[in-house]
Amino acid sequence: MGLKIGELSKKTGVPISTIRYYVSNGLLPAPVKVGKQLSHYDESCIHQLQIISYLQEKKHFPLSIIANILRRMDEGLSLYEAESVEDVIFGAPTDRAATQFVDREEFLAQTGLTSKELLVAEKMGMMIPYMQEEGKCFYNHEDIIWGKDFLKRVLRFKNCWDDFSAYLKLGDKMLDREFMIRKKIVKGKDLKENMQLSIELSKAADFARGYLLRRLFQKKIKTNINRSLKEK
């Protein structure tokens, strides 16, 4: 026999309104109607709600990422395996400071950006909040550092805004190529192999972006220096 929504709420400590929100967003299966005004939830929802609470409170994942984890579990992965993929892609917080999220107002206060500057950065695609839930944006420590140490400094160069946008488009192309490579590598692999390879490839790509761009930058600088010396 299933559970009434009030019973499910009491057993898990999750408010009724939140349970309904999870159902409407696909994080919980819809209840079975047993009357005009009565519905029963499967008892498996207790475990599902416990997983959602854990991923929110301990891992600080947004609901969109939690939905991915639950989907992977439905496909046969364990919680640890499904969670590992998101840890690699989104970076699991390692200290208390890294798990603190701020709203838009606090983000502006901490970065020194004006509302207009933030709107410009968003329009250019140069500000992507870590979390967007229910139409609201939330920012983590990495967003704050980006806003304070990069955006605040470069947005004053208005004559370069088009160049910044072009730079982002190049980044999109690079990521498209990465996904194409990954698709070739995991083709024909089963779910477990796909997951393990995806984790390894995500780590490798994260390292490669920094290493290769840094080396290409150094190579470019050396070439320019040598050219200048020859001209002299």
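Which residue forms a salt bridge with Glu81?

1. The partner is Lys192, and the closest N and O atoms of this pair are 2.8 Å apart. Lys192 lies in helix H10 and Glu81 in helix H5 (residues 79-91), so the pair ties together parts that are 111 residues apart in sequence. A salt bridge here is a side-chain nitrogen of Lys or Arg within 4 Å of a carboxyl oxygen of Asp or Glu. Helices (H or I, at least four residues) and strands (E, at least two) are DSSP runs, numbered from the N terminus.

2. A word on the source: this is a predicted model, where local features need pLDDT of at least 70 and side-chain atom pairs count only at pLDDT 80 or more, while totals for chains, interfaces and linings use all residues. Residues are numbered from 1 along each chain as its sequence is written, and side-chain values use heavy atoms, leaving out hydrogens and water.

3. Back to that pair: Glu81 is buried, at 18% relative accessibility, whereas Lys192 is partly exposed at 41%. Buried means under 20% relative accessible area, exposed over 50%, and partly exposed in between (1.4 Å probe, protein chains only).

4. The whole structure has six salt bridges. Among them, Lys152 pairs with Glu117, with the closest N and O atoms 3.1 Å apart. Lys152 sits in helix H8 (residues 141-154) and Glu117 in helix H7, so this pair ties together parts that are 35 residues apart in sequence.

5. Glu75 is partly exposed at 43% relative accessibility, and Arg71 is partly exposed at 38%.

6. Do look at the nonpolar surface patch of Tyr167, Met174, Phe207, Tyr211, Leu212, Leu213 and Leu216, with about 750 Å² of accessible area together. Patch residues have over 30% relative accessible area and no salt bridge; like charges are joined within 9 Å, and nonpolar side chains (Val, Leu, Ile, Met, Phe, Trp, Tyr) within 5 Å. Areas come from the Shrake-Rupley method with a 1.4 Å probe, and for residues only the protein chains shown count as cover. H10 gives the most to this patch, with five residues.

7. Finally, Ser9 lies in helix H1 (residues 5-12) and is buried at 14% relative accessible area.
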